[in-house]
Amino acid sequence: MAKFDQRLHTLQQRIHRACLNSHRNPTSIMLLAVSKRHPAKAIETAYSKGLRHFGENYLQEAVDKIQQLSHLPIHWHFIGAIQSNKTRVISQYFDWVHTVANSKVAQRLNDQRPDHLPPLNVCIQINTSKEKTKSGIDFEQLAPLAQTIFQLPRLQLRGLMTIPAPSDNLQQQRQPFQQLYQYQQYCNQQNYPHSYPLDSLSMGMSNDLEAAIYEHTTILRIGTALFGKRAIKQDKEDI
Ligand SMILES: *Cc1c(COP(=O)(O)O)cnc(C)c1O
C-alpha cells in the first residue's frame, strides 16, 4: 500500500520538523493512529509499518476491529463520546480512554475495569473552545474531577485532552493547546490526596499537529494525514 507509506513519510517529516523547531525529542511524542471509519485491513497495514497505538470513536465498530485483530499486540485508545451505559464494554476492551468528562463515568470505568487487566489509562477532556456543543469540562470542574480520579485505584490519570475549534492560523491553533499545558502544570502543582504527576497531553490532529508540538503535546491523534479521507459515519452502525 504505497499510499500509506507516502502519507506516513510526509507525516513523520512534519513531526520531525516541528520537533526540530521547538527543540523537542520526537520519541517523547506518541503517534496515535485514529482509525475510525477505516477497516481492520488499514490498521494491519499501519501496524506493519510500526504503529502500535490506535484510536477509535464508535464502540461497536471498534469492538469488531479489536476482535478481528486480537492476534496483534495493539494498544487501543477510546477517543469518542462516552455514554454511561457503554462504560463496561469500554473498560473491557481498551487500554486508554481520552474522553472522561464526569465523575460518574470515571467511577463506572473504575468499578467495571476487569481485575486481570492493569489500571485503565485515562485523560480528562477539557472544553477549550467555549462552544456549547463541544464536549469536555471547563477549567473550574478540573480540580474536583481530577481529585475523584486520583482516588480510584483501577484508573490511572495520565493527563488532559482537548479538541479545539478548527482554525487554519498557527497562532490561533496554539492558544487552546497552551491553555491545556498550563492546566496540566496547575494540576501537577497541587497536593491532592493520592495525587501523582500527569505525564500526558492528548492534543493535535492532522491539521494542527505543529501547534500542538510547540505547546508540549505528548499524544498526537492523527486520522486523515495517515489513512486519507473517512467514510461518513452511519449512526445505525453504532451500539
Ligand atoms: C477523528 C478524530 C481525530 C483525527 O482527526 P484528523 O483530523 O482526521 O486527524 C482526532 N481526535 C478525535 C477525538 C477524533 O474524533
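Modeller: The second largest pocket holds about 160 Å³ of space. A pocket here is an open set of points on a 1 Å grid over the protein atoms alone, where a 1.4 Å probe fits, with protein on both sides within 12 Å along at least five of seven lines. Grid points are joined across faces, edges and corners, and the volume is the space filled by probe spheres set on the points. This is a predicted model, in which local features need pLDDT of at least 70 and side-chain atom pairs count only at pLDDT 80 or more, while totals for chains, interfaces and linings use all residues. Residues are numbered from 1 along each chain as its sequence is written, and side-chain values use heavy atoms, with hydrogens and water left out.

The lining is made up of Q12, I15, H16, P26, T27, I29, L31 and L51; a lining residue has an atom within 4 Å of a point. Helix α1, residues 2–21, gives the most to this lining, with 3 residues; helices are DSSP runs of H or I, at least four residues long, numbered from the N terminus. By class, the lining has 5 nonpolar and 3 polar residues, and no charged ones. Ala, Val, Leu, Ile, Met, Phe, Trp, Tyr, Cys and Pro count as nonpolar, Asp, Glu, Lys and Arg as charged, and the others, Gly among them, as polar.

The ligand sits in the largest pocket, meaning that more than half of its atoms lie within 2 Å of the grid points. That pocket has a volume of about 340 Å³, and its lining has 7 nonpolar, 4 polar and 3 charged residues.

Key:
Helix = DSSP H or I, 4+ residues; strand = E, 2+ residues; numbered from the N terminus.
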